[in-house]
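Please find below some notes on the two chains and on how they meet. They are set out as numbered points.

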Amino acid sequence: MNEIDTRPTHDEQGRELSTLYPPRRRWLNRLGPDERRWLILAGIWCLILFTGMYVWLVVGNQQAPVESYRIDPIDFQQEVQAFVAEHEVEERDGATVVAPPPGSDVYLQASQFAFRPVLQLERGETYRLLVSSTDVQHGLSLQPVNLNFQVLPGYLYVIEITPTEVGEFPIVCNEFCGLGHHVMTGLIVVD
Amino acid sequence: MSATLEKTAPPSRVCNVTGFTIDRNGQQLALANAVAGVVMLSFGGVLAILIALQRQILPLSDDWWYRLLAAHGATMLLFWLLLFEVGALYWGSTMLLNSRMRAPKVAWANFAMMLTGIAMAQWAMLTGRATVMFTAYPPLEAHSAYYLGVLLFAVGVLVAIVLFFANIVMAKRDGTFTGSLPLVVYGLAAAAIIGVYSLLTGAIAYGMLFLHSVGLLETVDPATYRLFFWGIGHGAQQVNLAAMVAVWYALIGLTLGGRPVNEGLSRFAFLLYIAFIHLGAVHHLMVDPGTGMNHRIMNTSYMLYLAMFASLIHAFSIPASIETAQRGRGYRKGLFQWLKKGPWGEPGFSSLVMSVVFFGFIAGVSGVLMGYMQLNMIIHNTLFTVGHFHSTVVSGTTMAFMGLSYYLVPLLSQRRLRNVRVAKWQPYVFSGGVLLLTLAMMVAGRLGAPRRVADLSYENAQVGVDQFSTGPFPMMMGLVSVGAVLAVIGGAMFVWVMVATLLRGEKTDRPDAGLVYAFGTPERERVAAGVPAGERASAGTTAVMEPSGRLKGLAKRWHDFEAPGTYAIVLFFLLFFVVMYVVSHLGLARLWPVG
């Protein structure tokens, strides 16, 4: 091929062809060689990204949780209170600290403007966090690990986590939840 | 006799620059909507500077900070972009088709309704009656005037879309254009179709909230609302995307006279957008209770990433159009001479290139990765999200719309562009500022900084968090502010040029409006005859395109490549994409096991 672009540059009325004018009658051309190559590469990349999500479901340890239930906010609040009463160990900055048994179900309540109770967990143990809101929508953001989940009133979200580090891990709210959004925090302590 | 003529043939003129028949109703409506959009852009810019500097300088109360943040979001994401898009729809469906505006009175009434909606929503937001943010998630409650205002505005956009299609159908019937729609109008039509279902789901979401606010609906389920809301919350951004790509093609035509190497392929990509891109709304529900795994994967991947495939087609087609046009004018040396010799002093061209590059590399890559189901966990609702959408709608869409304005406003107002030197620098200042802002937000967000937080110090929290007062965070937030100031200066430069052109620009029936050698008609003849094409022509190249054999000689050096430079660029882009994908997974794999 000596000359690739043999397309006419002007239409029948002598006007230059442009993206702003109607195209000539036949605008459906065969793919050029570099277009074909690029489209094959792009298609492969699309399929890799798509299958990658399923592959990570098998090989990855970090999955977006799916287990969830409907729950009445009042029922949830009562369950949280019972849970706190059973496992309370101390007060810290005016917040109740609970130490649930390793590997158990752990409640975490999001309300304007705090995540309660403060949780004391053990390293290497897997816990089922049962999270919901009693008022508006909140965002559970575990720091500095940086894991983030949406918290909705009326829905119980089950998040299975296994702390692998020892230390204090603050929770901040990252969904706008009212004028106190910037003071909404919580804490997970891992021993 | 003249009276009957006027009845059958409404006032119109033939543009001396483009040769299009310009319907005066269409012209005035397009200008009015675009100008109203720019007024909103200016207001949103003022809000942006107040929000950005609150952390550093201004003693704004938290209450006011949230109010202004809510107003900034709605003003920019809804009012500025959609008003400009309505203007672009009227432009594309009348002037580009040599046709006239149908039902102009309806269009004016509709314009008034949209402005009323804006006024209601702004009143509610600025008086603190609607501090619920753009997302307005229930059970947070706002004044019913806010919901009604947004609904009126959305219905107005729907009416404008109906008028757009009416214009096209009637133009086809009248035979003012033959064959297929011009590519630009085709792209705008794709945006309009996506707009229809986005706005309908948005009307359902906000409709539920409005009914609740006036006591007609007892409760609104937060999960159901989120599903519908993101139909418009993300859908509106897909409208912006399709409209932006259409504007890119318009700018290629306006600044270089270029066209796609394969127009059919570009059109096919728009079809893929229409069919699949709305699935992306589920990006926002990746870490929500109530959604299942396959539902998430199918939707967030836009059905096997077919919508991303469309974007990858444009990613090739857009630079290839620039490259072939430039090589056609003789810049054939090496891989990149065509790029080096681009008309960089031409605001339309520099806007185009920066919009394409920053949208592709930053907005596109970050968007696909953060919408990836598992990776979403480390991004959801962090400041990274905010960085992402500033790079899409500001770096990308807003920059492209500004670039188009440098042509549309002079051509439609019949005035010469004023403050040309300001215009020349504007895209660089604006894009540079937004780039700094988005990158700083993304770094801070990737390290965990939450979004929509008035005060990252958590000083008044019961359980203190000092993480965001140490390490890289103060510097990142400082850079966000610096970027915001630069971007707002860039925005002000744009508004200044536009206002000066509209109010004090020299009246002319041949507004050069930058490089118009894209058009073969009168302008080409003037250049060819050696008549100076006004003071503007010297800003860029005045090379006249050879009439045929655009790419002759190219094949010998580059084998069978049509656009070798573009091919190199897209390969680099793909490599960058793959690296970011791998790096993100390495980050994810280090975290606590979760599921």
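1. Helices here are DSSP runs of H or I with at least four residues, strands are runs of E with at least two, and both are numbered from the N terminus. The model is predicted, so local features need pLDDT of at least 70 and side-chain atom pairs count only at pLDDT 80 or more, while totals for chains, interfaces and linings use all residues. Residues are numbered from 1 along each chain as its sequence is written, with chains lettered from A and ligands numbered from 1 in the order in which they are written.

2. Helix 14 of chain B, residues 383-413, bends by about 35° at B:Ser405. The bend is the angle between axes fitted to the seven residues ending at a residue and the seven starting there. Of the 31 residues of this helix, 30 are buried. Buried means that 20 or more other C-beta atoms lie within 10 Å of the residue's own (exposed: 12 or fewer; partly exposed: in between), with C-beta atoms placed from the backbone.

3. Chain B as a whole contains 19 helices and two strands. Of its 595 residues, 60% are buried. Among its contacts with a separation of 6 or more, 85% are between residues 24 or more positions apart. A contact requires C-beta atoms, placed from the backbone, within 7 Å.

4. Chain A has two helices and 12 strands. Buried residues are 46% of the 191 in chain A. For contacts in chain A at least 6 apart in sequence, the share joining residues at least 24 apart is 53%.

5. What radius of gyration does chain A have? The value is 28 Å, whereas a compact globule of 191 residues would have one near 16 Å. The radius is taken over C-alpha atoms, and the globule rule is 2.2 Å times the number of residues to the power 0.38. Along the principal axes, the C-alpha atoms of chain A fill a box of roughly 85 × 40 × 30 Å.

6. Between the chains, 88 residues of chain A are in contact with 97 residues of chain B. Elements giving two or more residues to the chain A side include helix 1 (33-59), strand 8 (138-142) and strand 12 (185-190). Helix 1 of chain A gives the largest share, 14 residues. By class, this side has 47 nonpolar, 30 polar and 11 charged residues. Nonpolar covers Ala, Val, Leu, Ile, Met, Phe, Trp, Tyr, Cys and Pro; charged covers Asp, Glu, Lys and Arg; the others, Gly among them, are polar.

Technical notes: Two residues are in contact if their C-beta atoms, placed from the backbone, lie within 7 Å.
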